Amino acid sequence: ASSTARQDVGRSACLQYEPKHFWLGLFYKDFFKRSETSLFTVPLALGLYYAVCPVQNVLAATALVFRLMEAALGLVSTMTGFAGVKAVLAHSSFGTALLDLAHWDDSTAFAAFVFTMGSTLFFYLFLKSGYIPRVLAWWGLFASVVAMAACLTHLLRPGFPAMTMYAWLPMLLAETSTGLWLLIKSVKVAD
């Protein structure tokens with residue numbers, strides 16, 4: 001009889017805590033699904049920084065800062081997209097500032113503009129370094145400037161679509177081809 005009572009107590013305790021852990025698990029799964037782009041930006045940016053740092057340290061560090069800002073803005077926008085997080089943040093002045101930042105970033109695509117600034121600097125440094133073919137570096141620089149112009153136009157004229165396919169298609173080709181080149185050929189960085 002006592003073992004049955006212990007099983008019932010254990011089962012009810014498990015049922016009592018299961019929904020909390022279930023919803024917490026869903027939150028983490030949804031959070032990582034929504035923020036994986038921002039999270040993967042950090043190691044990518046660090047790798048690019050390490051590759052081009054010998055070329056010009058200050059510009060490489062500036063490009064790294066832009067890409068880390070992009071990741072941070074993406075994470076803030078992702079976090080504030082959850083109703084529970086919004087409710088908690090709404091009760092403090094810092095939280096309200098984060099909510100305002102996320103709303104402003106979502107409406108202006110400022111993170112995309114910051115991305116293009118970092119991308120422009122990285123492609124410029126790749127052009128100076130000769131680590132990748134010049135045509136690829138020039139294409140990346142061109143694509144970054146085109147996307148930056150679209151984002152800047154959207155910041156100044158919110159009716160203009162910053163994420164227009166025509167502005168981002170060259171960037172897609174540049175980023176993909178550069179990534180494949182770096183995966184296949186690699187970069188020999190001087191110590």
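The following exercises, each with a worked solution, concern a predicted model.

In this predicted model, local features need pLDDT of at least 70 and side-chain atom pairs count only at pLDDT 80 or more, while totals for chains, interfaces and linings use all residues. Residues are numbered from 1 along each chain as its sequence is written, and side-chain values use heavy atoms, with hydrogens and water left out.

**Exercise 1. The chain as a whole**

Determine which elements the chain has and what share of its residues is buried.

Solution. Begin with the elements: helices (H or I, at least four residues) and strands (E, at least two) are DSSP runs, numbered from the N terminus. The chain has seven helices and zero strands, in the order α-α-α-α-α-α-α from the N terminus on.

Next, take burial, where buried means under 20% relative accessible area, exposed over 50%, and partly exposed in between (1.4 Å probe, protein chains only). Of the 191 residues, 34% count as buried.

Finally, consider contacts (heavy atoms within 4.5 Å). Among those between residues at least 6 apart in sequence, 71% join residues at least 24 apart.

**Exercise 2. The salt bridge**

Locate the one salt bridge of the structure and state whether its partners are buried or exposed.

Solution. A salt bridge is a side-chain nitrogen of Lys or Arg within 4 Å of a carboxyl oxygen of Asp or Glu. A search of the whole structure finds one: the side chains of E70 and R67 meet at 2.8 Å, N to O.

Both residues belong to helix 2 (residues 57-79), where they are three residues apart, about one turn of the helix. An α-helix has 3.6 residues a turn, so residues three or four places apart point the same way. Side chains of opposite charge can pair when their charged atoms come close.

As to burial, E70 counts as buried because its relative accessibility is 13%. R67 is also buried, with a relative accessible area of 4%.

**Exercise 3. A nonpolar surface patch**

State which residues make the nonpolar patch of about 770 Å², and examine Y166 and L173.

Solution. Such a patch joins nonpolar side chains (Val, Leu, Ile, Met, Phe, Trp, Tyr) within 5 Å, from residues with over 30% relative accessible area and no salt bridge. Its members are W139, F142, M165, Y166, L169, L172 and L173. Helix 6 and helix 7 each give two or more residues, and helix 7 has the largest share, five residues.

Y166 is found in helix 7 (residues 165-184) and is exposed, with a relative accessible area of 66%. L173, also found in helix 7, counts as partly exposed because its relative accessibility is 47%.

Methods:
Patch = residues over 30% accessible without salt bridge, like charges linked within 9 Å, V, L, I, M, F, W, Y side chains within 5 Å. Areas by Shrake-Rupley, 256 points an atom, 1.4 Å probe, with all protein chains shown as cover.
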